[in-house]
Every structure is written in C-alpha cells, then in structure tokens.
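This briefing covers strand pairing and salt bridges. The sequence and structure come before the details.

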Amino acid sequence: MDTRFDRGADMALGWADTMDDIMGRRRRSEPFELFRQTELGIGTRANPDGSMTLSAQSAGWATMAGERLLNARYAGQYPDPTLAETRQVRYTVARFGRVYGDMVLPRDRDLSAALKVLDRGLRDNIDLPRMIRESHLELEFAQINNLGDRHPLYQAATRTLTGTLGERMKMEPEELDYLLRRAEPAERFEVLADTLIERDPQQRRLPDGSARTLPPDHLAALKARLVQELDTSFARCEDHAFMGRNTRTVGNQLGAEAVTNLVRHLDEARDNIDSEQRGYAQVSSLVAAVQSELTAGETDYWNGQLHEATLPSEMLGYAGPDRALTFDREKVIDVLATADLTAPPTPEVHAAVDAVASQAAHLCNPSTPGSAAADPVAQAFEDQLRRDFVERQRGHLLAAVGYPDPPRDASSEHSQTATAQVTAALTKKAGQQLRLQPHQVAAELLTTPPDERFAKAAALSLGNQGKVVDRGQWDSATTALAGNIRTTFATAQEADRTGQAKLHAWSRATAGRALSQKLTRAIDKTRRPIDRVSSSADQALRAATTGQALAGSTRAKGVAASTGPAHLPEAGRSERDVSGRG
C-alpha cells in the first residue's frame, strides 16, 4: 500500500504510530510496510518481517475513511455514513489494533482465564478509543464511539480497578492502564501488586516522607496475597460473563469489590509485619508499643530494617542515621527469640527489652539519629528521659513481647542518681503548670528534637497556658531558664560521674536533692515577672470586654487597657500533646 496513492495506507500508518506510543515503543527507524490482500476471506495478519497485510475488507474500509477525512472535498460530495458503515470502520480499527499489538507484544496463548479478562479489558479500554481519537474518525463517523463495548463486563471491571487504584496512588489518569498494557501479559498481576506495595498511600512514612523498608519475606507474602486476590476477582468476571451477565454494571461492581479486597490486604499488612527473621517479631512489637505511647498518627520512626551484629560489651544496640535498628546478636536478638514466656522474665530478658525500647524511644522525634554531634549534657538528659520511660513502661513492654501479666519492677538504682532526681523535679514542676502527669511531660520532651529539648523544657515549665504574656519577656525568660536547666543538669551529671554525694559538706541534702530544689526555685523566680504582667493583661482584657474600669484607673483620663505587644502561648493539648511544642 502506497501512501502516495492510497489514503487507507495513511490511516493505517497513523494507527501504527498510536499503537507504538501506547505500547511504549520507540519510533521506527525504518519505514513500516503495509500490504493489501486481494482475495476475500483472508484476515488481517502480521508478517514475519515486521510488516502487516490488511484484509481486502479492512483495506477497503480504511481507504474509505481516509478519503473522507484526508482528501479535499466539497459539501455534499459524500453521503452521511450509515450506521453499518460506521460499525465496519470501527471493526477495522479494532482489528488493526489487535494484530499490531500482538506483533509488538505477542499475546500469551497460555494465559489464565483471569489474565485474559484483564488483557481484553486493557486492550479495549486503551487501544481502540485512542486510535479513533487521534485519527479524528468521530468527525466523519459521528456514531463511532456510541456503538457499545466489545467486552462490557471485562472493560468495566478493568476500568474501575485501574481508575480507582490509580487515583488512590495519585497517578496520572490512565497511567496505571498504560503501565499494565506495556507489561508482559503473564506478569501483569505481579506488576500491579508491586506497584500497590510500593506506592500505597496509607503506608506508614518516615519523618522525611519516605516509605519503610520492610522484610523481604513479609513483602513477598503480601505480594502473593495481592496476586491471588487479583486472580480470584478477574476469574469471577469470566464466570459472570459465562452466565450471560456481560454488562458494565456487573463489571463495575466486580471491579469495586476487587479494590476493596486489595486495600484490606494492604491495611492488614501495614502494621502486622510477618517475618521469619530471627527476633524481628519481638523487636517490631516493642517498637510499636513505644511508638503508641510516644507518638500518634501515620508517621513511623523506624524504617523497618533490623540488623544483628556482635557489638562491644558495653553496647547492646543503636539506631542508625537511616533509622534502622542494630542489636547485639547474642545479648538481644537471641535472648528475645528464645525467651521462655511461661517463666518470669530473666535479667537478660529485662536488659534486652530495655535496650530495644530505649533505642525505639531514641527514634521518636523528627531529627535524624547521628546527624549532629551529640552535646554530652543534652545526651545525658535524653538518656535519663529514656531510662525513666522504660522503667515506667516495663510491664507494658514485657506484655508486648508476650509475657502474661508481667510484674512491675521497683525503681532501679538509676532513679537515685542526681540526674534522675533533677529530671523528676523538672517534669513534676512542668506537669503542675500544665495539669499533666510528669510522664506526659517526659513523653513530650522525648519526642522533641535533641537540640530543642532544653528550650522546650523551659517553655513547659513556665506554662502560662491560656494567659496573655509579653512576647519579648516570654522569649527572654525561656532562653534564660533553658540555660539554667542545662547548667543544673550539667552539674548533676558531673556529680554522678565523680560520685559526689553532696554539693557542700555542711549540707544534709544530697546532690540530687539540692540541685532539684535549686532548679525549682529558679523556675518559680523566672515565672514571677511573667505572672505579674500576665495578671495585669488579663485584667485589662476583662475590662476591655466587659466595659469595667481597671482598679485604680480613671476613665476620664483615658487610661488605655492595652499593655503593649502580647502573646498567648499555645494552649496545652490533651494527654501527651501539650503546650509549647514547636
């Protein structure tokens, strides 16, 4: 067929270009040859050399369409096409697309019934509508898009599935359809399952927005469940078509049910991580228990990777800058994996649980572990907060590992250190200001980036929840108190390091008690000026809103109720979400 003399060749070459784009094929470097069959009854076919031969009927209808669309013409030259002619042109385009598509990506004749349903749905949803659209056939054959679907049930089920899942994964319109159309037909369920796992929007994200890296065996099991669900859903389409229910309504319903089931599998696998990796189940349960106490929402702070190693004797584990967790093989992983849950937890189990919980708590803030050199004082403050948290939650943590009705241990020797006493005094004082329990304040501090923790402690200690304060005075007081807290904690740390029991020989108070009292007095002293200004501002605000004069003021003198620039600290939030966070 020569494009110089045959408009049917022009139309067919345009269809071939459209199919190349649909299939993701690079433009041909050599001309695409087309031939016309002269004998009737021989269908359109692809040739071994990459050319195509159109049947006599298809070539005739392609030429008829091309002459109407591409030749110069005068009004009334051609009569309006009949419905039968329009149907023949549509069939010609569809037949060309099927043969050309099989030539580019050969059809797998051994496909399962379910995969054949998906294949037919993708072909009829993508190939034919786009070839018609890009060759502008609707301009001459107005009814060509209104002749019904070739496989209504298959097309509707496929469109509902790909459209809904593509929208869920925030893909461009038809992006998922093209991804599957270009995949090997026998591997399309696997491709769709991989895409769902990778781009699931409900997957828990790390603070930087990236997804977790879950164990390979867990992902393989999830992929197998998704593939099985797809196979079952599309096999049902074949069953309904066999029973004569070949309608778009039934297809839409089956596609929607498939989406619901797939999403259910994704939801179940989001938090229930099933892996054969030694110790993974125990570590995962402990991390989940810690995060449930310290954080809320869909953000995850562990990237899902667990490594084991032989660590120095004084180290049981650490959190890496990629948010992976590494623990000693013998002292943590093996202990947790072989723990006898029918007997009371041993000291080794306690140590292993504490190590995992402590590192999990270390992860529970937006800062990247190890991204900055640790301030020794700030690190000591965090270590104490983590010890306090683990000791308080030990019963809950042991239950997460599987111990029935675990006992609550008494306070450890760490609770008697100067750093522990100063931390206890600080969280207690802040809790009084905010009407929170000390452990709730400690949780708020643990989830604060380390370089902001002393400032956050100062803000929580000053409180002023719901009161109007001068912004400049508030900032100055917070900065000064943060420095005071840090200095006090540094002194406590040094006392613990040197074994200094008392700050002064003449004092009866221990170092921890003396420093705690000193810090409490410093907080009260810092608060007084703010409270005075806050009280005056509150009176002025009440006077302005009720119309009453301030005590000692004279309306005739026009005394203003304003106290200058004011700032209302964020109101304390319930439970762990309290004021001053930021």
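Two strands count as paired if DSSP finds at least two bridges between them. Helices (H or I, at least four residues) and strands (E, at least two) are DSSP runs numbered from the N terminus. This is a predicted model, in which local features need pLDDT of at least 70, side-chain atom pairs count only at pLDDT 80 or more, and totals for chains, interfaces and linings use all residues. Residues are numbered from 1 along each chain as its sequence is written, and side-chain values use heavy atoms, with hydrogens and water left out.

**Sheet**
- S2 and strand S3 (residues 52-54) are antiparallel, paired over two bridges.
- Met 52 in S3 is the bridge partner of Ala 46.
- The open sheet has three strands in the order S1-S3-S2, with mixed pairing.
- Strands S1 (34-36) and S2 (45-46) are the edges, each pairing on one side only.

**Salt bridges**
- The count is 28 salt bridges (a side-chain nitrogen of Lys or Arg within 4 Å of a carboxyl oxygen of Asp or Glu).
- Within helix H9 (residues 248-271), Glu 268 and Arg 264 lie four residues apart, and their side chains form a salt bridge at 3.6 Å, N to O.
- Arg 453 and Glu 382 form a salt bridge at 3.0 Å, N to O.
- This pair links helix H16 (residues 453-462), which holds Arg 453, with helix H13 (residues 376-401), which holds Glu 382, 71 residues apart.

**Accessibility**
- Buried means under 20% relative accessible area, exposed over 50%, and partly exposed in between (1.4 Å probe, protein chains only).
- Arg 453 counts as buried because its relative accessibility is 1%; Glu 382 is buried at 2%.
- Glu 268 is partly exposed at 40%, and Arg 264 is partly exposed at 37%.
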